[in-house]
Each structure stands twice: as C-alpha cells, then as structure tokens.
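User: I'm new to this one and would like a close look at a single part of it. Could you take me through how the aromatic rings sit, and then show me what surrounds them?

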Amino acid sequence: MRMRKKLLYYLLGILVILVILAFGPLRAVGDRGRPVSVLWSIVHLSKYLLWQSSLMDAFDAGFSPWFYTLIPLVCAVPSVADLHGELVSRFYMAVELRRGKYRYVYSRFLRAAVSGAWMAAAAVFVYAVFVCILFPLNPVGITIWGCEEITAVGLACHIWWKLLYVAMYGMTMSVLASFFVFLYPNLYVDLSALFVVSNLARHTAGQGELWFPLVMLAGLAVFYALMWKWRSETI
C-alpha cells in the first residue's frame with residue numbers, strides 16, 4: 001500500500017511538471033502580440049503556423065521562470081512526505097539505532113536527492129519526446145537570416161544538458177525541502193519556505209549554470225551534519 005502511494009506521488013508529480021512545461025510561452029499572436037503557450041499553440045494553430053516554431057523553440061519554451069519556481073515543490077513532495085511520517089511516528093529512532101547517527105541522516109539526504117532528480121529528469125524526458133513528435137527540427141515556411149540550422153546531434157546535446165541541469169536542480173531543492181523537514185516537521189511550513197526560496201532563486205536557476213545546484217548541494221551536505229548533531233536530540 002505504501003509503495004503504491006509513493007508511485008502515485010511520482011506519477012502525479014511528473015504529470016504536473018509536464019503541464020507546467022506545456023504552459024510555457026512559445027510565441028506571440030495577434031496584433032497585440034499576445035503570448036501563447038506551447039499547449040495552446042498545438043491545439044489552436046494550423047500546422048503551417050505551428051511549424052514556424054522549431055523543436056528547440058518548443059522545448060525551451062517550457063523552462064519559464066514559473067517552471068523554476070514550481071518544480072521544487074513538485075519534486076520535493078514524495079521525499080518530504082515520507083520523511084515527515086518517519087519523524088512524526090518516531091520510526092527514525094529505530095533506523096538510526098541500526099544504521100548509526102550520521103549514516104541515517106545521509107541516507108535520507110541521498111533518498112531525497114535521487115527522488116527529486118528522478119522525477120525532474122523523467123518529466124523533462126517525456127516533454128522532449130512530446131515536442132519531438134509535434135514540431136519540426138527547423139522552422140518550416142520561414143527563413144531566419146543569420147541563424148544556423150539545428151542538427152539532430154546539436155538538439156540531442158541541448159536536450160541532454162537541459163535534462164541534466166533540471167535533474168540537478170530538482171535534486172538540490174528536494175534535499176533542501178528534507179532539510180527543512182528535519183528542522184521543523186510541519187509540511188505546510190516546510191513547503192512554504194521552499195516556495196519562498198525557489199521564488200527568490202528562479203532567475204539564477206533559469207540561467208542554466210550547473211554551478212548553482214552543485215554549490216547548494218555541497219553546502220547542504222555540510223549543513224546536514226551540523227543540523228543533525230543538534231537536531232537529533234531535540235525531535
């Protein structure tokens with residue numbers, strides 16, 4: 001029963017991330033240049049107009065600032081829900097006694113990291129397949145002067161890099177959420193704190209620099225040990 005519940009969390013999380021990606025702004029339409037999403041364009045535009053956007057345009061459109069604000073919350077839910085139940089029920093004490101003080105807390109660090117990375121990567125992969133089916137490799141019907149043609153190899157490298165970065169970002173934010181749960185096991189407070197952090201960090205995260213999640217992850221690895229040295233005696 002517990003495994004089925006966790007699987008449901010993951011499937012719903014991937015679906016939510018796909019919806020967020022599909023609502024990213026793809027292009028402007030009308031005299032006023034109203035921005036429309038990838039999903040709206042697929043549903044409402046003719047094939048001729050739709051194919052004026054390349055596959056890379058459609059893929060990159062999903063990664064809006066709102067994506068980087070909301071994906072941490074989605075990626076964190078499975079691991080923080082599991083950890084919260086463990087702390088509230090005091091089950092962690094038996095696990096800690098069996099594994100050791102710091103092996104326990106870092107096993108939860110690793111669990112949160114793998115959970116967040118897996119969910120984010122799976123959603124981005126499915127979205128990449130989705131847009132690959134519906135959009136052309138290069139725009140059809142228009143010529144954009146000064147732009148090189150996109151190659152299949154170049155597109156694959158671009159998607160792979162974005163998938164790696166988003167997986168690292170989801171990993172880091174999931175670990176951060178678990179850190180908040182250790183500090184104060186109240187999911188409403190913890191997810192609210194995570195939303196504030198992700199909202200403040202969304203523009204930096206949107207730049208796609210790998211150093212950002214790596215530095216945060218390294219810092220959290222240190223803070224986990226410092227936190228558990230004090231917190232394990234007071235939960």
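Analyst: First, a quick rule: rings of Phe, Tyr and Trp (its six-membered ring) pair if their centres lie within 6.5 Å. With that in hand, here's a group to find: Phe-59, Phe-63, Phe-67, Tyr-68, Tyr-127, Phe-130, Tyr-165, Tyr-169, Trp-211 and Phe-212 form one aromatic cluster. Keep in mind that you're looking at a predicted model.

One member of that cluster, Phe-63, has a charged neighbour too: Lys-162 lies over the face of Phe-63, 4.9 Å from the ring centre.

Counting by the pairing rule, you get 17 aromatic pairs. One of them is Tyr-104 with Phe-182, an edge-to-face pair with 6.4 Å from centre to centre and 90 degrees between the planes. This pair ties together distant parts of the chain, as Tyr-104 belongs to helix 7 (residues 101–134) and Phe-182 to helix 8, 78 residues apart. Both Tyr-104 and Phe-182 are buried.

Is Ser-174 buried or exposed? Ser-174 counts as buried, because its relative accessibility is 0% and the cut-off for buried is under 20%. Leaving out residues up to four places away in sequence, Ser-174 touches Cys-75, Ala-76, Ser-79, Ala-112 and Gly-116. With Ala-112 there's a polar approach as well: a polar atom of the Ser-174 side chain lies 2.8 Å from the backbone oxygen of Ala-112.

Now zoom out. The protein chain has 10 helices and two strands, running α-β-β-α-α-α-α-α-α-α-α-α from the N terminus. Of its 235 residues, 45% count as buried. Links across the sequence show up here as well: among contacts between residues at least 6 apart, 80% join residues at least 24 apart.

How far can you trust the picture? The chain averages a pLDDT of 87, and 88% of the residues score at least 70. Helix 8 has the highest mean pLDDT among the elements, at 95, while helix 6 (residues 91–99) has the lowest, at 64.

How values were computed: Residues numbered from 1 in each chain as written. Heavy atoms only, no water. Buried < 20%, exposed > 50% of the residue type's maximum accessible area, 1.4 Å probe, protein only. Polar contact = N/O pair within 3.5 Å; in protein donor to acceptor, adjacent residues only side chain to side chain. Contact = heavy atoms within 4.5 Å. Phe/Tyr/Trp six-rings, centres within 6.5 Å; stacked < 30°, edge-to-face > 60°. Helix = DSSP H or I, 4+ residues; strand = E, 2+ residues; numbered from the N terminus. Lys NZ or Arg CZ within 6 Å of the ring centre and 35° of its normal. pLDDT = per-residue confidence, 0-100.
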